[in-house]
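Biologist: I would like a close look at a single part of this model. Please describe its setting and contacts in one connected account.

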Amino acid sequence: MGGFGANYLASLYSDNRKIIANSSELKSTITNLSQEKIISFDTEFIRHKTYWPVLCSIQMHTKNNSILIDTLSTEINLEPLKVILSDKKILKIFHAHTQDLEILNNELNIKISNIFDTQIAASFLGYDDQISYQKLVEKILDIELDKKERISDWTNRPLSKKQLIYALNDVKYLHELYKPLSEKLSQEKKLSWMNEEMKLCVNNIFEKSDTQENNYSILYKKIYDFREEIAQKNNVPRKWVFEDKIIRDFITSKDRKNLVMKIKSDFIDLSEKTNLYNFIEIYLQNNRIINNIRKKKLSSTQNKLLIRISTYLDKTSIMYNVSRGLISNRKDIEEIILNDDPYNKSLFGWRKEIFGNNALIIKNGENL
C-alpha cells in the first residue's frame with residue numbers, strides 16, 4: 001500500500017510536524033529520539049473485519065516535535081521503534097493504553113514498560129475513571145478538540161490534512177497533560193499509587209482473572225479459547241465464528257449436538273464442530289456442572305453487607321478524591337462477601353490500604 005508523496009510531505013513539515021514513510025527516515029528519527037526522557041504515543045487502527053487490528057499509523061510527540069509514522073507504507077520497517085519502546089529509561093505516555101499497548105506489543109513482539117496513562121492518572125485525581133482524552137484536554141488545558149476525524153478511513157492514502165492534524169494533536173496535547181497531572185499526583189501524595197498501578201497494567205495482573213472458577217466457568221473458558229484459535233487462524237472477529245451469547249447454550253442445552261452442528265459460520269468446518277461437540281460431551285461426563293448456572297443471589301444478610309461496603313467505597317472515593325470505579329466495583333465486593341479467602345484488585349496494594357482492609361473488617365461484622 002502506498003504512502004505519502006514527497007510534495008505532500010513537504011507541505012506538512014512546518015510547525016515541527018514530521019511524517020515518516022520509509023525505513024531510513026524512521027531509523028534516523030529514532031536515533032535522535034533515543035535521548036528523550038518522555039515521549040507520548042498514540043495509534044490509529046481499524047478492527048472491523050479482522051481479529052488482529054490493522055495498524056494504520058503511530059503518532060509520537062516529544063517536547064518540540066510531533067511525528068506520524070505511516071505504518072501502511074510499503075517502504076517502512078518498524079523494527080527501529082523497538083529501541084525507544086523497550087527503553088526503560090524513557091517514559092511512554094498514553095491515554096487509555098490497553099489497545100495501544102496490545103497493538104504495539106504484538107506488532108513488534110516486545111513488552112512495553114515504564115508507561116504513564118493520563119486516563120488513569122486523572123482517575124486518581126477525582127475525574128471519571130473512563131474520562132475521554134477530548135474531555136480531559138478540555139478540562140485541564142481548556143482546549144476544545146475536533147474529534148470528527150476519529151471515525152474517518154485511516155487506511156486511505158494520502159491521509160487528509162485534517163486527519164493528520166487530528167492524529168498529531170492527540171499526542172501533542174497528551175504530552176502537555178503529563179506535567180499538570182504528575183504535579184497534582186505528587187501534591188496529593190499519589191505518585192506511588194500511580195506507579196504501582198502502571199506496573200499492574202503492563203503485567204496484566206488481575207486482567208480477565210476468575211478467582212471463583214468452577215466447572216462451568218472452566219468449560220466456558222475452554223469453549224471461548226477454542227473460538228479464539230479459529231478467529232486468530234482466519235484473522236476474523238471472534239463473533240464471526242459464533243457469538244458469546246450461545247456459549248452458555250452449548251453447555252446447558254439438551255439439544256447441544258444440533259446447536260453446535262448448526263453454527264452458521266464460514267470459518268468453522270464440520271470437523272471443528274465435531275471436535276467442539278465431542279470435547280463438551282466428554283468434559284460434561286467427567287465434571288459435574290452446577291444446575292443453577294445463573295449467578296447465585298445474595299442472601300438478605302449478604303445484601304446488607306453489600307450496601308455497607310458499597311457505602312464505605314463511596315466515602316473512600318470522596319475522602320481520597322479517587323474515582324470510585326478505579327478503587328473497586330460491585331463484582332469485587334461480592335467476591336469479598338461470598339468467599340472465605342477472596343483475592344482481587346480491591347485487596348492488593350494501594351487499594352487494600354485505603355479500602356480493602358476495612359471492607360474485610362465490615363464483612364466480619366466489626367466496627368471501623
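Modeller: Serine 317 touches Val322, Ser323, Arg324 and Ile327, leaving aside residues up to four places away in sequence; contact means heavy atoms within 4.5 Å. This is a predicted model, in which local features need pLDDT of at least 70 and side-chain atom pairs count only at pLDDT 80 or more, while totals for chains, interfaces and linings use all residues. Residues are numbered from 1 along each chain as its sequence is written, and side-chain values use heavy atoms, with hydrogens and water left out.

Serine 317 belongs to helix 13 (residues 300-320); helices are DSSP runs (H or I, at least four residues) numbered from the N terminus. With a relative accessible area of 15%, serine 317 is buried (buried means under 20% relative accessible area, exposed over 50%, partly exposed in between, with a 1.4 Å probe and protein chains only). A polar atom of the serine 317 side chain lies 2.6 Å from the backbone oxygen of valine 322.

The structure holds 13 aromatic pairs, where rings of Phe, Tyr and Trp (its six-membered ring) pair if their centres lie within 6.5 Å; planes under 30 degrees apart count as stacked, over 60 as edge-to-face and the rest as tilted. One of them joins tryptophan 193 and tyrosine 320, a tilted pair at 5.9 Å centre to centre with 55° between the planes. Tryptophan 193 lies in helix 8 (residues 191-202) and tyrosine 320 in helix 13, so this pair ties together parts 127 residues apart in sequence. Tryptophan 193 is buried at 9% relative accessibility, whereas tyrosine 320 is partly exposed at 30%.

Definitions and conventions:
Helix = DSSP H or I, 4+ residues; strand = E, 2+ residues; numbered from the N terminus. Polar contact = N/O pair within 3.5 Å; in protein donor to acceptor, adjacent residues only side chain to side chain.
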